[in-house]
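Thank you all for making the time this morning. Please take a look at the sequence and the structure before I go through them.

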Amino acid sequence: MKTCSACGTQNPEAARFCRSCGNPFATEAAASAPAAEPTPAPAAAPTPEPAPTQTFATVTPQPEPAPAA
């Protein structure tokens with residue numbers, strides 16, 4: 001029986017994950033393989049500038065002129 005290192009639950013030898021907490025068990029191939037070097041993260045693409053926004057002027061309505069007498 002395998003004992004989970006996270007919660008201590010006894011699991012069958014063939015188990016890949018703990019049946020209680022879901023913690024993955026290391027496989028024999030992964031346990032004997034050398035640790036791979038981490039892959040560097042790709043460089044971030046430059047952020048494009050936002051499109052210019054249009055600004056509209058507010059027009060205040062003017063009173064109509066009084067008719068000429």
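Predicted model: local features only at pLDDT ≥ 70, side-chain atom pairs only at ≥ 80, totals over all residues.

What does the secondary structure of the protein chain come to? It comes to 1 helix and 2 strands, and from the N terminus on the elements run β-β-α, where helices (H or I, at least four residues) and strands (E, at least two) are DSSP runs numbered from the N terminus. Residues are numbered from 1 along each chain as its sequence is written, and side-chain values use heavy atoms, with hydrogens and water left out.

Let me turn to Asn11, which lies in strand E2, residues 10-11. Asn11 counts as buried because its relative accessibility is 1%. Leaving aside neighbours within four places in sequence, Asn11 is in contact (heavy atoms within 4.5 Å) with residues including Cys4, Phe17, Cys18 and Phe25.

Finally, the cysteines: the structure holds 0 disulfides, a disulfide being a pair of cysteine sulfur atoms within 2.5 Å. For Cys4, the nearest cysteine sulfur is that of Cys21, 3.7 Å away, and for Cys7 that of Cys18, 3.6 Å away. At 3% relative accessibility Cys4 counts as buried, whereas Cys7, at 38%, counts as partly exposed.

How values were computed
Buried < 20%, exposed > 50% of the residue type's maximum accessible area, 1.4 Å probe, protein only.
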